[in-house]
Amino acid sequence: MDLQKLFSLEGRVALVTGGSKNLGRHMAEGFIAAGAKVYISSRKADACEATAAELGPNCIPLPMDVSSVEGCKALAAAFAERESKLDILVNNAGAAWGAPFEEFPEAGWDKVMDLNVKGPFFLTQALYPLLKAAATKAHPAKVINIGSIDGIRLNPWETYSYHASKSAILYLTKRMAARLVQDQINVTAIAPGAFASDMNKAARDHGEAVASNIPNKRIGVAEDMAAAAIYLASDAGNYVIGDTITVDGGVAHANIGSPSIDA
């Protein structure tokens with residue numbers, strides 16, 4: 001058994017949305033280290049280009065807003081101008097919104113649901129021909145949807161649309177997987193827990209306090225997210241279809257009590 005080959009992404013082409021920072025950057029960096037050519041996309045062109053410059057020649061910026069169907073189609077078209085196939089798609093771009101129940105606005109519902117649920121579906125649809133072009137029985141193409149442990153259990157905050165969206169993307173993963181496996185395209189998901197990020201300011205700014213409520217007593221680091229993504233993207237994960245890997249230090253499934261952490 002050749003473990004290096006099993007986990008290698010040599011010769012593969014990947015696209016990571018929300019890839020300029022935080023979890024997206026961790027996964028992009030991991031894919032590059034495993035041998036892949038990685039396109040990263042985000043709304044902010046300058047952030048996208050800066051990250052690509054830092055990650056080196058195998059990282060290519062492709063800025064786009066994937067919160068609308070038009071944006072998804074535009075990103076797919078821009079990618080198709082550069083590549084004839086897509087081995088790995090990571091639907092990572094996301095948003096959150098918190099407000100009291102009585103005041104929760106329609107804008108906070110639509111923004112989050114559009115980016116976290118509608119975007120992954122329609123971007124995958126737009127890139128479907130390129131995913132099929134890459135897919136074989138021996139080496140399936142991969143779609144990895146990024147959810148959250150907040151799609152599995154509640155956090156203490158009033159993030160109504162975020163909870164709904166992250167639950168939805170995990171079940172949408174199953175539905176997409178059931179259809180796309182017919183084309184040798186494997187769809188899976190990752191549900192991260194507490195990682196320092198712009199969205200998770202508690203873990204970013206109060207890491208030790210957050211870690212005290214996590215079973216293994218630390219917040220996530222870049223390698224944790226990169227390793228899970230590499231496993232699913234590589235041939236090592238070829239027999240995993242429709243499932244969600246929880247990467248949270250035990251919060252969702254090995255926890256006694258109700259920790260006050262966000263994801």
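Me: What should helix 4 span, and how far apart are its end C-alpha atoms?
Reply: Helices here are DSSP runs of H or I with at least four residues, strands are runs of E with at least two, and both are numbered from the N terminus. The expected span is 1.5 Å times one less than the number of residues. Helix 4 has twelve residues (69-80), so it should span 16 Å, and its end C-alpha atoms agree, being apart by 16 Å.

Me: Before we go on, what kind of model is this?
Reply: Residues count from 1 along each chain as its sequence is written. It's a predicted model, where local features need pLDDT of at least 70, side-chain atom pairs count only at pLDDT 80 or more, and totals for chains, interfaces and linings use all residues.

Me: Which residues of helix 4 are buried?
Reply: Buried means under 20% relative accessible area and exposed over 50%, with partly exposed in between (1.4 Å probe, protein chains only). On the other side of helix 4, E70 and K73 are exposed. The buried ones are G71, C72, L75, A76, A78 and F79.

Me: In strand 4, which residue is the bridge partner of A14?
Reply: Strands pair if DSSP finds at least two bridges between them. Strand 1 and strand 4 are parallel, with three bridges. The partner of A14 is I88.

Conventions
Heavy atoms only, no water.
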